[in-house]
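Good morning, and thank you for coming. Please look at the structure on the screen while I go through a few local features.

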Amino acid sequence: MNYASITDAANVFFFSYFVLLNSGYLGLNLLSLLALRRRTDEVILDELPQVFSGHEVPISVLVPAYNEEATICSSIRSLMQLSYPEYEVIIINDGSTDGTLDALRTAFDLERFPEAYYAQIPTGEVRNVWRSRRYRNLKVIDKDNGGKADALNAGINASRYPLVCGIDADSVLERDSLHRVVQPFLRDSRVVATGGTVRVANGCEIESGHMRKVGLPGNLLALFQVVEYLRAFLFGRLGWSAISGMLIISGAFGLFRKDAVISVGGYRPNTIGEDMELVVRMHRVLRERGTPYRIEFVPDPVCWTEAPEDLRTLRNQRVRWQRGLSESLAANWKLMFSCRGGVPGWVAFPFMAAFEWVGPVLELTGYAFMITAYLLGGISWTAFASFMSVALGL
C-alpha cells in the first residue's frame with residue numbers, strides 16, 4: 001500500500017467520522033426542537049397563576065460540601081427559600097479541613113441531634129448529625145472524607161423522603177425549580193430520575209443566592225461555554241430524553257427516586273463521574289431485571305453554576321469529565337448491544353463510546369492529519385475545504 005492510497009483511506013475515514021459525528025448532533029438538535037415545540041402548549045399554562053395542591057412528593061435536597069467555608073452559608077440560605085410544600089436540606093460535610101462546619105454551626109444555630117442513622121448504603125464513618133434550631137428542615141451530616149459520591153450516599157441514608165435531589169454546594173437554583181423538576185414523577189409512576197438544565201452564571205447578577213438578572217460573561221472562555229452548555233446541557237439531553245436514551249443527569253441538579261437508587265447500590269465511590277455512572281448503571285440494571293422505568297430531562301428548571309474562566313481550571317474540569325465518562329462506560333459496558341438494551345444500549349451507549357469517549361483523540365488526529373496532508377500536497381483544496389466545512393461549519 002503506497003502513500004497515496006493510505007492518504008486517501010485516511011481522508012475517507014476522517015471525513016466519514018466527522019459527518020457521522022455532526023449528523024448525530026444535528027439529529028439531537030432536531031429532536032430537541034420537536035420536544036420544545038410540544039412543550040410550548042404546557043408553557044402557556046405556566047403563565048397563569050399557579051395553584052399547587054400541597055401534596056407534591058416530599059424531596060430531600062442533598063448538598064455535599066468539602067472546604068466550602070466561603071460560599072456554603074449563602075448557598076444554603078438560598079435553598080431554604082425554595083418554593084416547595086415539603087422538603088428538607090441535608091448538608092454533608094465530607095471531612096472538610098477548613099471552617100465549613102463552624103460556619104454552618106454559627107449561621108444556622110446547629111445542635112447535635114441523636115438521630116437514628118440507617119446505613120442502607122455503605123459509607124465512610126459518620127461522626128455527628130446536627131440539626132438547625134432556626135430551620136426545622138435543615139440537617140448537617142458530619143463524616144469522614146470519602147469523596148462526593150460517598151457524601152451523597154450518606155445523605156441518602158439520612159434522608160426521610162422518597163425523592164432525593166443532589167446539587168453542588170456552589171450552585172444556585174431558581175425558586176420554582178423543585179416544582180418543575182418533579183412534574184414527570186407526578187405524571188408517570190415509572191419515572192426513576194429527572195434532570196434539569198444547567199446554565200452558566202458568569203456575567204449574571206446573583207443576590208442573596210437568587211438570580212436577579214441574567215447576563216453574558218465578559219470572559220471569552222466563559223462566553224464560549226454559554227453556547228456549549230446550551231448544546232450539551234439543553235439540546236443534547238432534551239434530544240436523548242425524547243427517545244428515552246439519556247445516559248447522564250448532571251450532578252449539579254438531578255432528582256432521583258430513592259428506592260431505585262438504593263436498589264442499584266447507590267453512587268459508586270471510586271469514580272470521578274459519579275452522576276453519569278449512576279444513570280448508566282440504572283439503565284443497565286433495571287433493563288437486566290426487566291423493570292419498567294423512565295429517565296427524563298426537564299428543560300424548565302434551571303440550575304446556575306460558575307464556569308471556568310482560565311485555561312488551567314477549564315483543562316482540569318474537562319480531564320475530570322472525560323475520566324468520568326470513561327469510567328462510567330467501562331463499568332457498564334454490558335449495556336451496549338445487550339438483549340434488553342433498547343435505545344440506551346443500541347443507540348446512546350455506542351454513540352457515547354464512539355463520539356464522546358474516543359472522540360477527542362480521533363478529532364484531534366483528524367485535524368492534524370488533514371492539515372498536514374493538505375500542506376504536503378497529499379489532498380486537494382476541495383477535499384480539505386469539504387472536510388473543514390463538515391468539521392467546523394455544521
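A patch, as the word is used here, is made of residues with over 30% relative accessible area and no salt bridge, and nonpolar side chains are joined within 5 Å. The model is a predicted one. On its surface, Leu216, Leu220, Leu223 and Phe224 make a nonpolar patch of about 440 Å². Of these, I would draw your attention to Leu223, which is placed in helix H7, residues 220–242. Leu223 counts as partly exposed, with a relative accessibility of 32%.

Let me turn to the cysteines. How many disulfides does the model contain? The count is 0. For Cys165, the nearest cysteine sulfur belongs to Cys303 and is 8.6 Å away, and Cys165 is in no disulfide. A disulfide requires two cysteine sulfur atoms within 2.5 Å.

Finally, I come to a serine. Ser75 lies in helix H2, which covers residues 72–79. With a relative accessibility of 12%, Ser75 counts as buried. Leaving aside residues up to four places away in sequence, Ser75 touches Ala169 and Asp170.

Thank you; I am glad to take questions.

Technical notes
Residues are numbered from 1 along each chain as its sequence is written. This is a predicted model: local features need pLDDT of at least 70, side-chain atom pairs count only at pLDDT 80 or more; totals for chains, interfaces and linings use all residues. Side-chain values use heavy atoms; hydrogens and water are left out. Patches are made of residues with over 30% relative accessible area and no salt bridge: like charges are joined within 9 Å, nonpolar side chains (Val, Leu, Ile, Met, Phe, Trp, Tyr) within 5 Å. Accessible areas come from the Shrake-Rupley method with a 1.4 Å probe; for residues, only the protein chains shown count as cover. A salt bridge is a side-chain nitrogen of Lys or Arg within 4 Å of a carboxyl oxygen of Asp or Glu. Helices (H or I, at least four residues) and strands (E, at least two) are DSSP runs, numbered from the N terminus. Buried means under 20% relative accessible area, exposed over 50%, partly exposed in between (1.4 Å probe, protein chains only). Contact means heavy atoms within 4.5 Å.
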